[in-house]
Every structure is written in C-alpha cells, then in structure tokens.
Amino acid sequence: MNPFQKNDSKETLFLPVSTEEVPPQSPSFPKKPSPKICGSNYPLSIVFIVVNEFCERFSYYGMKAVLTLYFLYFLHWSENTSTSVYHAFSSLCYFTPILGAAIADSWLGKFKTIIYLSLVYVLGHVIKSMGALPILGGQMLHTVLSMVGLSLIALGTGGIKPCVAAFGGDQFEEKHVEERTRYFSVFYLSINAGDVQCFGKDCYALAFGVPGLLMLIALVVFAMGSKLYRKPPPEGNILNQVVKCIWFAISSRFKNRSGDNPKREHWLDWAAEKYPKQLIMDVKALTRVLFLYIPLPMFWALLDQQGSRWTLQATRMNGNLGFFVLQPDQMQVLNPFLVLIFIPLFDLVIYRLVSKCGINFTSLRKMAVGMILACLAFAVAAAVEIKINEMAPYQPDSQEIFLQVLNLADDEVKITVLSDENNTLLAESINSFQNMPHYSKLHLKTKSQNFHFQLKYHNVSVYTEHSVEEKIWYTLIIREDGESISSMMVKDEENKTTNGMIAMRFVNTLHEEVNVSLGTDASLIVAEDYGVSAYRTVQRGEYPTVHCRTKNEDFSLNLGLLDFGAVYLFVITNRTNQGPQAWKMEYMPANKMSIAWQLPQYALVTAGEVMFSVTGLEFSYSQAPSSMKSVLQAAWLLTVAVGNIIVLIVAQFSGLAQWAEFILFSCLLLVVCLIFSIMGYYYVPLKPGDVQGSADKQTPQIQGNMINLETKKTKV
C-alpha cells in the first residue's frame, strides 16, 4: 500500500509523486462535529483528556516526590547514588517521548498508543510497589524490581506525553483556533494541578500505592471517551521517511555541487527526484520549527533547577513563616500553585489588555518575554544567595581551625592553648556546662599541627596534647576523671545538615550504653562513660519526649524545639533525682534568612513558564504538519531533557560559587533569548492550509536531470 496516498480529509498529508490519482479514502473519524460542552465550541471529548492528564501527573509526581528518600532509606544507597539514579530516571522520562511519537505516527495512532503505553505505565507502578514491600525478598530483589518498575514508568509517562497533548488538539475543528489555544492552557493547568506533593512519613506509602491506582483511573477515564474522539489514523513510518528524505536531499546536494546544476529554492528540494512533494513540504515545515527549537533547552535548564539548586538554597533558609512552617522541598509546590493562578490571569486579563493596546503579542514574542522573566528570576536568586552567604558562619581557611571547649566537669576549668614554642594562643575560663557562644579561630604553621593544652581544675593542673588538621571544626570535651579531669578532641563534621534538616549528636555521661530512638528505622547508640555518638539528622520541630533505654531502664528526654539548619549537642546526664536529662547546646545557629525571600524568584520564573511553555505547546501543534504533530511534540519534550543535561555539565565543570552559577545561567539565557528573538523575527508562521496549498501549487517539470519548482518563498 502506498503510504503517501491521497485522502480527501483535512488531515491529508502527502500527495502521490506520480500524476495518477488514487481514489480517496474515508477518514477514520466521523465527519460530523463531536458533541460540545454546554453549547460552546469545546468538544466534550477534551474533558476525558484533561482528567486523564490530571490523574497521570498526580500519579507521576506523587511517586517522584519521595523517590530519593526511597533510595536512601529503603534501598540504603548513598546520597550520590540516589541522586544519580533520580536524575537518570528524570532524563529518561523526557527522552522516551521520541519513541512514543514514532509509535503513534507510524503504527498505532495516538489513541491506541496512549491506551497501550498507559497499561505499561500501570504495570510499572505495580512492579515498583512490589519493590517497596519489605516482606518480598532482599535488597537485590528490591533493587531489580525498582529498576524494572522505573524503566516501565519512564516508557509509559514519556511515551504518552507527546500523544496526549496532540490528541487533544486533534479534537478541535480547524475553524476553532482560539478554543484550541485555550485548551492548551487548560491542559497545562491540569499538568500543574496534578503536581501536588505530600511530605512526611505518610507520603512514603502514598508514593507507590495511591499513584498507581490514580494511573489506572486515568486510563479508565481516557478509555470512556473512546466513542467521542476524533482519531486521525497513523500515517506510516513518518519518522523514518523524514530521516530518509533529509539524508537523500543532503546526499543529492553534495553529489551535484558543481556549477552545472541549477540552484534550487530550498535545500530539501534536492529530494524531489525520489520523494513526494507533499512529504518535502511537510519536512520543510518541520525543520523550520526544529530550527527554532535549538535555543529552547537553555530555558528548561533554568526552570528545572527549582527542584535542585533552588531547593538546596532553601535548605539554608528559615521556613518558619509565623502562621505556617515550610520545609525546603515544600517550596516546589509554589510553582504549580502559581501556575494555576497565572494561566487564567494571563489568558483573561494580561493578554487582552496587551491586545487592546494595539500590540501584536505573537507566540514567539510571548516565549521571548518568558525567557527574560526567567533571567530576572535567576538574578534575584543570585542576590538571595549572596545574602545567605553573608549570614552564614565563616568557614576555616587554609592553615586554620575552629575550636570550642565543652566543660562537662562539675566546676570551672581554666584552659590555656599553647603552640609548639609555648606561645599562648587561647586562654579562658569556662564554667561547668557553660554554653559556648562561638568557635575560636586558631592559626596553624602547617596543614597539621600539635597543640598543647593546660587545664586547671581546683588545685590540679593537667597537661595534654592533641593533633589537629587545617579547615576542620573541633570540640575539646573536658570530663571528670576521678579527682582529676581529662580531655578528648572530637572532630565536627563539615556538612552536618542537608535538605534543611537538623543535625544532632549525643554525649553520654552515664555508666551504661544508651539507645536513643529518634523516630527513624535505626536507633542511635551512645556508648557509656562519655561516649560520643555520630551525627543524626531529623526534621525541624518540637521533640518533647524522645524515648531512650539502657540495659536496666527506659526514660524520655525533652529536646525542645530543633530549628531549621541548626546543629545541636545533647549531653545525657543524671545530676538530679529526676532521672536522666538532656543538656542542650547549639553548635551552629539556625538559618536566619526567611524562606519568604524566595517568593519573588518563584513568581518570576512561573510567569516566564506560563508565557514560554503554554505558548510553546500550542505553537508546536499549530506549526506542525498534520502528519508530524506527535513527532514535533516529542521534539518539544526532548528540549527539556537537553536542558537537564546542560545543568549537569555546568554544575560538574564550572567550579563556580552558587551565586556566580546563578548569574552565569541568567546571562546564558539572556544571550539565547537575543538569538531566539532574531530567529523569530525572520520566522514566517505557518497558517492552516499553507502546507497543503503550497504543495498543490507546486508543479514539477522534469527535463532530463533538471527540475523546476515554483514554491512559496519562506524565510528560515
């Protein structure tokens, strides 16, 4: 069967290369208009598509929200491995749309592709949920099931991405262009309405159970509208034909590069000897849009950092807003929330006001303004980062250490720190259980050095020596040792807190080992007789009753409020008749800068996203030849994957401070915006019927090896 046969519907794609007419075939969808919503021009079928997208996105984000935590705490992977697999999964989700688009346009059609890949999607959720069951096998089986499940989910979510948006556009008649534009706004709104994340312990169960059920609901809802859909048939192996056509045109141009051959209007016209003129016209339209896509990944490189760089920035800010407490990762919810507000605001208010002012606000101009807003958002993020750094504690430099002294004896201790030449570097008196307000900075002569300590306690003088290394924080713990005292040097971790959590460690003065339960799956063991525990991170909040136990008794400790980003030391003592208690000292102060300062950058980048992404979705559909709408949607999504790769490259090789990296991204996008604006200025938008009309006007006149083509002049 000739894949380029003529069809009498508006969805006709190719004309036969010969002059013989092929009998028309009836279209696969009904000619009469589908039922409308409440008498409007919106097809009733799009309700099923939008609900399907909402459930699918809720399923995806609900699973993804705690994926890293699952890797860390269930599979017990390291942070680096968890992060790498997380980003690999995210990238795969934006590479698979190419496969989904090829299947839809070349084989099954959009409707069947969505149905079948949704089944794969649901199967991925089921396998992923099985990989989270503790009773099912060991860690190796859990890992295998998780990887298989995630691979199927990536294939499912990526494969249906280009099909759902384009399939929704197919439901509109060509005369309802304005309604179709509004549909893409509602479609994008449903994506972000589904981007709702849950946090805390309960979210772990929801992530692999409820999202899988929601994806099943999404599939059922989509299938329910089957009889209402307009279902354009697949057009043969379109992607393969496009690649072959482009390759043949390039090869022919290279073979006929001598001056004896006449020039042709477009480089793709060199494929006219072998491929149908309609295919050539479609590929021309496709390559024109793909050429415009070249600068777009840089925008996604900035937008997608909300879940990485901006979240890390929030970990060094204080989420206490007075009436509400925000965890750092919860700031990501602000983006979909603002999208829900901005889409109707822009569509119903801002764009209309701009139009009344006589400004022709085209799709490409909207996208360029969206890029500028993202540039401003990262400039604001850089300013916030600089302010955070100004409030952050100083870090020890080369040949420096920070030292604090913790006196756990029952009386005052006078301490003197001496260098190798017996020069006094530090001298102070420290009361029993005195909360030290700061670290003292000591200079070294080399990268490592021995310090001599003189401790005076009652009428006893104790001399001791400790070795230290540069750029490290230390705590000298003084303890009772019979009638005298002794000391031990403890190295403090450099990066004790992550993700806005609180770090704590315990010193146990009891004569029995203490098991401290902090609400995690693993208890914290503190050795007896001034044993020092490792650091443990917990969420911000009140901890009035932390359960502890020794070999002979159980008791509770009141740790009080643990605030964002702070580092605490708790000394377990039994100095009163009220039982063991915890003495609290703040190593590092809590984050001072309010997380509310991130609101302007989120507002700017979300406004940019609405102008760029929503407009880009509709623009991609309207400019795509009818045979290649899913392919172009997939190419649009592929720019997201490339944007993530840009972030990884810059983060890996730039070596810049975070604020400087924000400025770099802002400047790069500004340069790209200028390039895109120039490209858009010379771009001639494709109007409905342009491709078909141009092909009809083309009359090839073949004379020997020469071909004369009359084509509509199009700027590239």
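Two strands are taken as paired if DSSP finds at least two bridges between them. Helices (H or I, at least four residues) and strands (E, at least two) are DSSP runs, numbered from the N terminus. The model is predicted: local features need pLDDT of at least 70 and side-chain atom pairs count only at pLDDT 80 or more, while totals for chains, interfaces and linings use all residues. Residues are numbered from 1 along each chain as its sequence is written, and side-chain values use heavy atoms, with hydrogens and water left out.

On these criteria, strand 7 (residues 472–481) and strand 8 are joined in the antiparallel sense by 9 bridges. Within this pairing, Ile477 faces Met488 of strand 8. Both strands belong to an open sheet of 4 strands with the order 4-1-7-8 and mixed pairing. Strand 4 (440–443) and strand 8 (484–492) form its edges, each pairing on one side only. From one strand to the next, the twist averages 30°; axes are lines fitted to C-alpha atoms, for helices over the stretch in contact, and angles run from 0 to 180 degrees between N-to-C directions.

A further open sheet is made of 4 strands in the order 3-2-5-6, with antiparallel pairing. Strand 3 (424–430) and strand 6 (460–469) lie at the edges with a single partner strand each, so one side of each has no neighbour in the sheet. Strand 5 (residues 448–457) runs antiparallel to strand 6 and is joined to it by 10 bridges. Phe453 is placed opposite Thr464 of strand 6.

Gln454 is located in strand 5. Its relative accessible area is 15%, and Gln454 is therefore buried (buried means under 20% relative accessible area, exposed over 50%, partly exposed in between; 1.4 Å probe, protein chains only). The Gln454 side chain makes a polar contact of 3.1 Å with the side chain of Tyr463. A polar contact is a pair of N or O atoms within 3.5 Å; within protein, one must be able to donate a hydrogen and the other to accept it, and residues adjacent in sequence count only if both atoms are side-chain atoms. Leaving aside residues up to four places away in sequence, Gln454 touches Lys414, Ile415, Thr416, Ser461, Val462 and Tyr463, where contact means heavy atoms within 4.5 Å.

Over the whole structure, 23 aromatic pairs are found. Rings of Phe, Tyr and Trp (its six-membered ring) pair if their centres lie within 6.5 Å; planes under 30 degrees apart count as stacked, over 60 as edge-to-face and the rest as tilted. The ring centres of Trp310 and Phe378 are 5.3 Å apart with the planes at 40°, so this pair is tilted. Trp310 lies in helix 12 (residues 309–314) and Phe378 in helix 14 (residues 363–391), and the pair links distant parts of the chain, 68 residues apart. Trp310 is buried at 0% relative accessibility, and Phe378 is buried with a relative accessible area of 0%. Ring pairs also connect Tyr293, Phe299, Trp300, Phe612 and Trp636 into a cluster.

The chain contains 18 helices and 21 strands. Of its 716 residues, 53% are buried. Among contacts with a separation of 6 or more, 71% are between residues 24 or more positions apart.
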